[in-house]
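Student: Could we go through this structure together? I would like to learn how the terms are applied.
Tutor: Gladly, let's look at it.

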Amino acid sequence: ELQGDDLFSRFGAQRRGGKSVSRSPNSVSRVEVRCDGPLRLDAQRLKATVEKDVSIAMEVPGQRPDMLSAKQLTMQFQRVSDGKGKQAKRELTLSLVSAVGEPVVVDAPSQQAYVEAKRIEYEFNNKKIKLRGYGIQHDPTKPDQGRVRIRNPEHEIIAPAVDFAGTEDRTTWQFVAAGPGSYTGSPDLSSFAATKQLQQSIAASWEKRLSLQPYQDRHILIVEGAAAVQAGDMGSIRADELRFELRHEQVAVATALTGNRETLYETKTVPLKLATSSKAGLHTTIQTPQLNGTLAGLTVHFQERPQRATAASPATPAQRATVPSPPGQQDVVRRYRVDGGNLTAWFDTTNRQLERLHVDGQSRLAEEAPLDGSTPMEVIGKVIDFQLDPNGRPLARLQGSPAELTTAELSITGNDIQLLGDSNRVLVPGQGSLRMQVPENFLSTETENVQPVSRQQFAVQNAKPATQQVDVSWTESLAFDGRVAELQGKV
């Protein structure tokens, strides 16, 4: 009989609904060990070894037992302490279980977990598990053969070696998957949507290591070595290293199972921050519904905001963000591409919208051609700061030597360019230049008398007028609201 937590519960899923059962410290489970070979008992070293087709079965009320099968099993015992530093002479408890096989298989229905490895060690005192595969991928056509595999309904991890440990309440985890590996799963990402459960399939791969470590009130997840993560229709990211800050919100639910009080757990994962880093010559590559590009580095802050109502359609191109479409049609989503330096972004997880971008280093940010045919925008500069006001209108500041703002209607250059979407203005303190297309009679003062015309003449007179290019330069300032431009200094 074993009292308290056990090996099998370490691998379990953590979602509510009769899925994963974590045994309480006072619960007692009956364990049966069978083998077709000898039992070797070393009373002096407090160690027992069983060999040949070894199986461990742990009874689970109302279900088939949790099973471990192996070629050889070693059980290390220790004497029970009386709490005063003295050890009892006869009372023993398990301190370590080690299993070796081709492979060792853990099949735990109570945890909805399945594990394969060449070697598994479980330390009862500190709840640590070590899993080892063959290390070398001996068959290139079967890259997963001989590697550690951990699978439950939510996650699957494959790697040459895995170490992890957790607390009784499952609020703190330490996890390391060393060597080239992969992850697939469908974790609960409901924190990205306030009104619906968002189940996204996530795939990740790495060449060096995947690790999860506790830090204050959160966990740090690091993917190292040619790291790549694909999150369903939310997009993908690639870098030499990806670092996620996560907060796990744990909910425990008590239920009665055949007269025993057992505990079911539900875990909600809340993303807080993402940061990337790359070696010299490498870059961070991102592809999302709103933003694509190649960067020196990326940092994303995830923030929960109140649910926003759909705003009225902005009156001018400078005020656009997400433009509502007629009923029955999907809203037009603005998509951007950014290439260059280090980008910091702020993402609203409630409304699933990019709130702000800040880029340091010579970069280019361009709006991809919108599906509604409206005018795209492009900015170039050493510092680019772009955000949306509470009404979804853009506010931007560009700095460079010079910086440049380009649309289909005009192009502005200057060392400091400010785009104020709330008032539909462009400000350029200091010297700069403006290039725009205007009608050929833009500077004409001639006034035509109104005369009756035929339908054919009316069509000719109201055709789209021919345009010409106008170049303007100044040395002190520009203020432009889309209709009137005020310029100062050697215009």
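Tutor: Of the 80 residues in the largest nonpolar core, Leu 131, Val 162 and Leu 343 touch the most other members. This is a predicted model, where local features need pLDDT of at least 70 and side-chain atom pairs pLDDT 80 or more, while totals for chains, interfaces and linings use all residues. Residues are numbered from 1 along each chain as its sequence is written, and side-chain values use heavy atoms, leaving out hydrogens and water.

Student: What makes a set of residues a nonpolar core?
Tutor: Its members are buried Ala, Val, Leu, Ile, Met, Phe, Trp, Tyr and Cys residues joined through side-chain atoms within 4.5 Å.

Student: Why is Tyr 336 called buried?
Tutor: Buried means under 20% relative accessible area (exposed is over 50%, partly exposed in between; 1.4 Å probe, protein chains only). Tyr 336 has 10% relative accessibility, so Tyr 336 counts as buried. Phe 386, at 9%, therefore counts as buried too.

Student: What makes Tyr 336 and Phe 386 a tilted pair?
Tutor: Rings of Phe, Tyr and Trp (its six-membered ring) pair if their centres lie within 6.5 Å; planes under 30 degrees apart are stacked, over 60 edge-to-face, and the rest tilted. Here the centres are 5.7 Å apart with 55 degrees between the planes, hence tilted.

Student: How do you know that the charged end of Arg 356 sits over the ring of Trp 346?
Tutor: The rule asks for NZ of Lys or CZ of Arg within 6 Å of the ring centre and within 35 degrees of the ring normal. The charged end of Arg 356 is 4.7 Å from the centre of the Trp 346 ring and is counted as sitting over it.
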